[in-house]
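Please examine the model shown below. The paragraphs that follow describe a pocket, then a pair of helices, and finally the chain as a whole.

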Amino acid sequence: MREKIVFFVKQHENLNPQLHWEMVKKEIKEFTQKYSKFKSFEKGQTKNKIRRELNDLERKIAASPEDDYFINKQQELNRKWEEIIIEETKGRQIRAGIKWIEE
């Protein structure tokens, strides 16, 4: 982001100061919106993949409940799933303006 800001500042340096500032703000806003959409898409893909893998593991565990590999893999994926949910929850709390969070 720092490199982008320097680039945006140089790109519009020939404008008057007020217009320069407005153009830099506009460029930063557009860049961050695109980046946020991309990251959101990536997280959604990761979330869907983990959910599919968990469903698949549940079927495999039902077929052979004594297989430790499937159980360990399921625990690992459940941990990743919980981390994603915690991260999403923290983001929602921040956007909602919650200052104090109790766990």
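The lining of the largest pocket is made up of S40, K43, G44, T46, I84, E87, E88, G91, R92 and R95. A pocket here is an open set of points on a 1 Å grid over the protein atoms alone, where a 1.4 Å probe fits, with protein on both sides within 12 Å along at least five of seven lines; lining residues have an atom within 4 Å of a point. Two or more of these residues come from each of α2 (17-63) and α3 (68-96), and α3 gives the most, with six residues. Five of the lining residues are charged, four are polar and one is nonpolar. Asp, Glu, Lys and Arg count as charged; Ala, Val, Leu, Ile, Met, Phe, Trp, Tyr, Cys and Pro as nonpolar; and the others, Gly among them, as polar.

The model is predicted: local features need pLDDT of at least 70, side-chain atom pairs count only at pLDDT 80 or more, and totals for chains, interfaces and linings use all residues. Residues are numbered from 1 along each chain as its sequence is written, and side-chain values use heavy atoms, with hydrogens and water left out.

Another pairing involves α1 (residues 2-11), where K4, I5, F8, V9 and Q11 meet H20, V24, E27, I28 and F31 in α2; contact means heavy atoms within 4.5 Å. This contact of α1 with α2 has six nonpolar, two polar and two charged residues.

How values were computed: Helix = DSSP H or I, 4+ residues; strand = E, 2+ residues; numbered from the N terminus.
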